[in-house]
Amino acid sequence: MTDMTESDWSELARHLDSKLIAVEPPLQACRIDPRSQACVDDLKRLANPFAIEDDPAAFHTTGWFNAFTSQPSRRVVVPESAAEVAEAVRLCAERDIPLVVKGTGHDYLGRSSDPDALMIWTHHLRDVTVHDDFSLTGAPPGEPGVPAISVGAGVRWLEAYQALPSDRYVQGGGCTSVGVSGFTLGGGFGSFSRRFGTAAGNLLEAEVVTASGQVVVANTISHPELFWALRGGGFGLGVITRLTMRTHEPPPTLGAVAGTVRASNPDAYRALIRRLVDVFPALCSASWGEQIRFREDDSIELALMTTAIGRDEANAVWESFLSWVDSHPDEYESNAFVAVTSFESFWRAERWDAFMPERIRHDDRASAPADRFWWASDQGEVSQYIHTYQSRWLPARLCHEDPERVADALFEATRHWHVSLHFNKALFGASPEAIARDRATAINPAVFEAAALVMSASIEQNVFPGIPGYEPDLDRAARRAAEVTAAMAPIRTVASGSGSYVNETDYFEGDWQHAFWGANYERLQEAKQQYDPTNLFRVHHAVEAS
């Protein structure tokens, strides 16, 4: 690894045709005077996810307890083409300079943060093209194409959704400011993945810069093994510069099952969880997604979504459970409800401004498009410091064969901390088309046998290591990390060997190779050996060449 001097950086800048810039960490004003108006203004800016993404030095996650503090590279390459990315990669390889890649900075594990590396910031690769009839690069003449969308590596999912006509949908992330590229590399589960599959499964081809500095197009025809690895194989295989995704006809309806059910005592709560587990098998279908949250205050929060079913069908799934709750008024309070509406305009701010303005936040900067927004429920992930974040897939067979055991594990977990079940981040019972596409990817095969992804986490928001007056509370972080670990212990026991989702997982995940990719890890290593044998692209818990 080369220790770069200012002279070295100046020479590198000449090679990169002035695409190399120097950056400073954010909140410099707060380091000088935490009470200054400039500090207040900077803190306000970092409460806006899109403002964070416009700053190469800023990250959505400010650090992780006992793991890392997010720090930007001192020098950043700002490419506007794949050729410029390739030049930066070649120079890093030739000069033994470590490098990191940053798109939106949404990564929880700090994989785009390294002050001693050269950062390739793909934010300005923002071209979007909608295709009525896309054919793979290298496909024989006359082979039929499919509707698709091509996006640069700096494009966020909101921009992809809004670029499409109303009769097309691309399967991506629920969080509007998440970047298409990093999301897809990790697999990419969105709200409607049981119907349409993961982003990885919907990837048609990728333009990628390899460790040799070549710009290649990877698909099922050209570089098929690299293409397989990029789809869910995680980071460290190359620098994505453009992705082309399959698009779909959107579902006609969008529904929600929402509200809170609160038990009067722990025994009643245990019984409530047991009754709810009986609903889980019905949620393992193409029509269902999103979350049920189990809280330590003896309450359950329903935050589920449906697609392509009517109110009667949605009610049929929940009628027995909700009727049972209502029949025990001394033990339970409930405000849960079922609603169904049109899917159209789901990603348009004006829809939410008209009917439920409290559900969204606007990017209120003068330069921002009027239609740019994020969900109010995602505000807690902006400028977050993570105490811990853990996940496990819950095998569907347990919900059928041993619901008592599942209920007991969930109840025991809530004696320590809250846990949530994400039914859209598992594929047992998903549509056959989605399953077929995703079985051709590198994602952990455990997902095809899972009913849901169980997650538990603790964070502090708007805290920044090294900033006086805004430091994380490390004693609190230690306590919370221990509580989450205790909560996940019964989940890990009941879901032993099931694995974890690489985009939302523990920094300290043990046996991460198996946890993230299962039996696919060896094949991923072979692809890494072929395309990056010297491990130029090296990040935390990514596939390494042997």
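Glu53, Asp54, Arg126, Arg156, Glu159, Asp363, Arg365 and Arg372 are linked in a network of salt bridges, a salt bridge being a side-chain nitrogen of Lys or Arg within 4 Å of a carboxyl oxygen of Asp or Glu. A search of the whole structure finds 31 salt bridges. This is a predicted model, in which local features need pLDDT of at least 70 and side-chain atom pairs count only at pLDDT 80 or more, whereas totals for chains, interfaces and linings use all residues. Residues are numbered from 1 along each chain as its sequence is written, and side-chain values use heavy atoms, with hydrogens and water left out.

**Individual salt bridges**

- Arg523 and Glu225 meet through their side chains in a salt bridge, with 2.6 Å from N to O. This pair links distant parts of the chain, since Arg523 belongs to helix H20 (residues 521–531) and Glu225 to helix H10 (residues 224–230), 298 residues apart; helices here are DSSP runs of H or I with at least four residues, strands are DSSP runs of E with at least two, and both are numbered from the N terminus.
- Arg523 is partly exposed, with a relative accessible area of 36%, and Glu225 is also partly exposed, with a relative accessible area of 24%. The terms are set so that buried means under 20% relative accessible area, exposed means over 50%, and partly exposed lies in between, with a 1.4 Å probe and protein chains only.
- Arg262 forms a salt bridge with Asp297, and their closest N and O atoms are 3.0 Å apart. Because Arg262 lies in strand S12 (residues 253–263) and Asp297 in the loop between strand S13 (288–294) and strand S14 (299–307), the pair ties together parts that are 35 residues apart in sequence.
- Arg262 is partly exposed at a relative accessible area of 36%, and Asp297 is partly exposed at 39%.
- Asp532 forms a salt bridge with Lys528, where the closest N and O atoms are 2.7 Å apart; Asp532 is buried, and so is Lys528.

**Surface charge**

- Asp132, Asp133, Asp167 and Glu249 gather in a patch of negative charge on the surface. Patches are made of residues with over 30% relative accessible area and no salt bridge, with like charges joined within 9 Å and nonpolar side chains (Val, Leu, Ile, Met, Phe, Trp, Tyr) within 5 Å.
- Accessible areas come from the Shrake-Rupley method with a 1.4 Å probe, and for residues only the protein chains shown count as cover.
- Within the patch, Asp133 has its place in strand S7 (residues 128–134) and is exposed, with a relative accessible area of 56%.

**Buried strand residues and their contacts**

- Ala206, found in strand S9 (residues 203–209), is buried, with a relative accessible area of 1%. Leaving aside neighbours within four places in sequence, Ala206 is in contact with Val216, Val217, Ala218, Leu230, Ile240, Arg242 and Leu243, where contact means heavy atoms within 4.5 Å.
- The C-alpha atoms of Ala206 and Asn48 are separated by 30 Å, the two residues being 158 residues apart along the chain.
- Ile300 lies in strand S14 and is buried, with a relative accessible area of 1%. Not counting residues up to four places away in sequence, Ile300 touches residues including Gly259, Thr260, Val261, Tyr269, Leu272 and Phe294.
- Ile300 and Ser334 are 34 residues apart in sequence and 9.5 Å apart in space, C-alpha to C-alpha.
- Gln384, in strand S19 (residues 384–395), is buried at a relative accessible area of 2%. Among the residues in contact with Gln384, leaving aside neighbours within four places in sequence, are His60, Tyr108, Ile459 and Gln461.

**Backbone angles**

- Most residues other than glycine have a negative phi.
- Ser383 has a positive phi of about 50° although it is not a glycine; Ser383 sits in the loop between strand S18 (373–375) and S19, and is buried, with a relative accessible area of 0%.
- Asn535, also a residue other than glycine, has a positive phi near 55°; Asn535 has its place in the segment after H20 and counts as buried at 13% relative accessibility.

Note on methods. Lys, Arg positive; Asp, Glu negative; His and termini not counted. Charge placed at Lys NZ, Arg CZ, Asp CG, Glu CD.
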